[in-house]
Structure formats: C-alpha cells, structure tokens
Amino acid sequence: MIPAFQHGNSKTVIRKSDLVNFLFVAGFPVFGYGSYVGLKEGISKGMIVSVAPFVALILFHLVDTIYRSRTERSLTATWWLCMAYMATLAASMVVAMRGGIPGVNTGNVILSCLMFIAPFNAALVVLMHNRNNSSFDFGRLVFIGIGVLLAVNILGYGLGIRAYGHSFEGRTNFPFFRGIYTGVHVMAIWALMLLLKMKAPGRKPVEFALSVLAFGICMFFMMKINSRLSFMIFLVLFVLFITRAIKVVRGLYTISLFTMPLLLSFSLLVYQVLSTPFFTTILERVSKEDVTTFNGRSYIWNAVGDWAINDRRGLLLGNGYKGHYKLHMLDFVAVLWGEPHSYNLHSHSTFTEVVVAQGIVGVLILYVIFWRGFKYYRRQYLDEGPLAPVFGGFVYLLFIWQLDIFCYGVEIGHSILFVMMAPLCLRATGAMKQARLPAGGAQ
C-alpha cells in the first residue's frame, strides 16, 4: 500500500520508504531535543521524546507487515549478537532496580530498554524498506541525520539556548546533548565521515568548498569544547585518513583494545605532546596534573582495575547498572569531587562501565560487535564501497568507547554505533544484491 494525498485534481504520492527515511533522519535531532528535555524537566520525559520517532518507525513497519501478511527471514547472526548485548544492558537495569539503586524504577527501566533497542531496529526497518531502491545510500542517510543534529545544536547555541546539566565557563556548551563532550564526539564522527565523502576539488569545486567550510566549522567547535583526549584522537585519525596511511596500517583494531592502558602508561608522554606550542595554542587547561590524570579519570579507572584484580565480585556477569555504587568503588572519588553520593558518578569509559555493570560476558560480546563492524567497514573503505565514509566515524568510536561514556546505554553514541551495525544484520535478497545497499551476508 502506498499512502496518497488528494489535492484538487492532482494526487501527491508519498512512498512508504520516504516516510520511513524522514522519520529516521528526524530521529537524530529529536533524540538531541529529548536530552535537553530530560535534563530540564526529568529523565523520563526526555527518554520518551528521544525515542518517539524510532518507536513510531518500528510501529509503522509492524502495522505494514501485518497489512501485507508477509514476513521475511532476513536477519543475520550479527543481529542476534547485537540484541544479546542489549539484553545484558537490560538485565543490568533490572538488577539495579531490584538492588535499590537510587533513581532506578520500573518506568525508567522500560524507557531505557526502548532507547537501547529502538534506534538500532529502526535502522533495520529503513534498510528493509529501501532494499529494492538501487539509488538508496544508507551511509548518506546516517550522515544527514547526524548533520541535522549538529546543525540544530549550533543554531540553538547561537540563539543563546542554555544547556542544562553541563555548563563550563569559556567553553562551548551545546544545549541538545547530554554532556559537553558528547558534542565533540558527534562532531568528530561527522567530520571524519565528511572527510571520506570529499571528492577532488576539480570535480565539484562548489561542493568541495562547502565541505571544507563545514569541516572547518567542526574543527572550530571541537577546539572550543576543549576536550583534549578526543581532539588528539581525532587528529591522529585525520592524519591517517588524509594521508591514506590507514589503508596499510595493521592491527588497528588490536591497538584500539589497549587505548586506556596505553594512555595510562604513557600519561607523561601525552602531557609532553599536549605541551607543545601547537596544542597549547589551540587548547586550554594543559596542566600537568589535569593531563597526567586525564582530569581525574585515572583515579576511577585505577579503582576499576583494583576491583577486577583484587575483588572480582560480579566480574563474570556484572553487578548491574551503577554497580560501582553497590560495591562502594567510587566513594573516595565522590569525596574528592565534592559529590554527596557516588551514584551520581559514572566511570567516564564505556569499557569500564560495561565491565562493572555487565561483566566479562557483556564486554566480550561488545568486543565481537566492534570487530565485525570494523572488518565490514574497512572492507567497504578499501573497496571504495557505498558505505566507505561510515568507516571514518566507526574507527573513531573504536577508540573513544574506552575513554568516554559516550557509547554506553542511553547515550547517543550507543545509538550511532548500533545504527552503523544495521547493514551487517540484513541478508541480501532480491534486487538488494544489485543495489547500492550492501548487506551483511553471512555476518
């Protein structure tokens, strides 16, 4: 069935795929607005707003499937793997609720679970509805959605809309993100995708000039947000991509697994690098204490390491959401930072958060997910496939998930990561095999 609207003697036809694509793109800025509502009016209200377009998209697909009375078995093992990881996330929320973690109740658990799974499965719906469209480019749709989210934040910031939940004097605080560093991560993902989309200046000079301008705007705001680690990782990846050295670099995935221990081991070297005239010119807060402890994060990461080596309670299956509060792991950090309770804290790392909350089982599943995504998108990049630009954003996620909470749970980085995993979760069928929409095949 194709929805149609009658106007006079003419008929305007709206294809189902167009409606699905619109809801998907709109989901990104609405997710950002939901973060604003959550911080201003309450987390539950915010989650309802954030997840609404993606849930609407899935419900539309279910109604359409029932209407057509036809179902297809097209999901790959990767979909089951991703859903298994989200099941560990959901289980950690239930454990937290039963354990009496402050602020965790039945409503929040249900809404959190919706936020875990809805964007990912909405992306699958988009792929299903466009599988016979030879001109469809899923990477472009993701790029547009993230771009609209950034544009709304820049516009809101320019109009003076106040950010709730985070406010740092002299730094850019975008209003429609949950945290100040979320802005730099989303910009880094989008900028690296943009970099891989750029064509030679001679082919489309106007488009190239606009792309350079957009890239420059991203660089400007990333420096104004002033996240030293994130900007340093972004610059390293920028150099690898601009020089094409990333095509010959071996063991990139393996290196990413040791991002945190490498930084902790070479913190003095990191300080020396950030103390060079180049970085001191473009960044602020380059003090030895801040840099060598990564603004106090090393205290938390070392506490998690001590628990994993000496305590090991819940190491296999996890201690549930906010498990550090149950273990009193970060009580001393709360005292150092002047917080009344440690449940207000997180471990500033998706890796450590998953290990504590979901255990070794949860983090191993996530390792496999990242490996499958990295292998798939690297092949797209090397073969100059239609999803090649997504590789830029995916590689950034590969490193930053160890150094920030960005990819955990209800954070938008989690949604972006699993949206990127969606093409691996659908088998090629029919016209899809010839279309510009790559499928995960036997993933």
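I take partly exposed to mean a relative accessible area between the buried limit, under 20%, and the exposed limit, over 50%. The model I am reading is predicted.

**Entry: salt bridges**

I started with R15. Its relative accessible area is 45%, so R15 is partly exposed. I then looked for its partner. The side chain of R15 meets that of D18 in a salt bridge, at 3.3 Å from N to O. D18 has 33% relative accessibility and therefore also falls in the partly exposed class.

Next I checked D311 and R313. Their side chains form a salt bridge with an N to O distance of 2.9 Å. I noted 30% relative accessible area for D311, which is partly exposed. R313 is partly exposed too, at 46%.

The side chain of R379 meets that of D383 in a salt bridge, 3.0 Å from N to O. R379 comes out at 46% relative accessibility, so I logged R379 as partly exposed. As a reminder to myself, side chains of opposite charge can pair when their charged atoms come close.

**Entry: helix 4 against helix 19**

I moved on to a helix pair. Helix 4 spans residues 106-129 and helix 19 spans residues 412-421. I read a packing angle of about 30° and an axis separation of 8 Å. The crossing of helix 4 past helix 19 is right-handed. On the helix 4 side I listed M115, F116, P119, F120 and A123. Helix 19 contributes H414, S415, F418 and V419 to the contact. By class, I have 7 nonpolar residues, 2 polar and no charged ones.

Leaving out residues up to four places away in sequence, F418 touches C82, Y85, M86, F120, L366 and I369. For context, nonpolar side chains in soluble globular proteins tend to be buried together.

**Entry: F136**

Is F136 buried or exposed? I found a relative accessible area of 5%; the cut-off for buried is under 20%, so F136 is buried. F136 sits in the loop between helix 4 and helix 5, the latter covering 138-158. I also checked F136 against P386. The two are 250 residues apart along the chain, yet their C-alpha atoms are separated by 9.6 Å.

How values were computed. Residues numbered from 1 in each chain as written. Predicted model: local features only at pLDDT ≥ 70, side-chain atom pairs only at ≥ 80, totals over all residues. Heavy atoms only, no water. Axes fitted to C-alpha atoms, helices over the stretch in contact; angles between N-to-C directions. Helix = DSSP H or I, 4+ residues; strand = E, 2+ residues; numbered from the N terminus. Left-handed = near helix turned anticlockwise from the far one by under 90°. Contact = heavy atoms within 4.5 Å. Nonpolar A, V, L, I, M, F, W, Y, C, P; charged D, E, K, R; others polar. Buried < 20%, exposed > 50% of the residue type's maximum accessible area, 1.4 Å probe, protein only. Salt bridge = Lys/Arg side-chain N within 4 Å of Asp/Glu carboxyl O.
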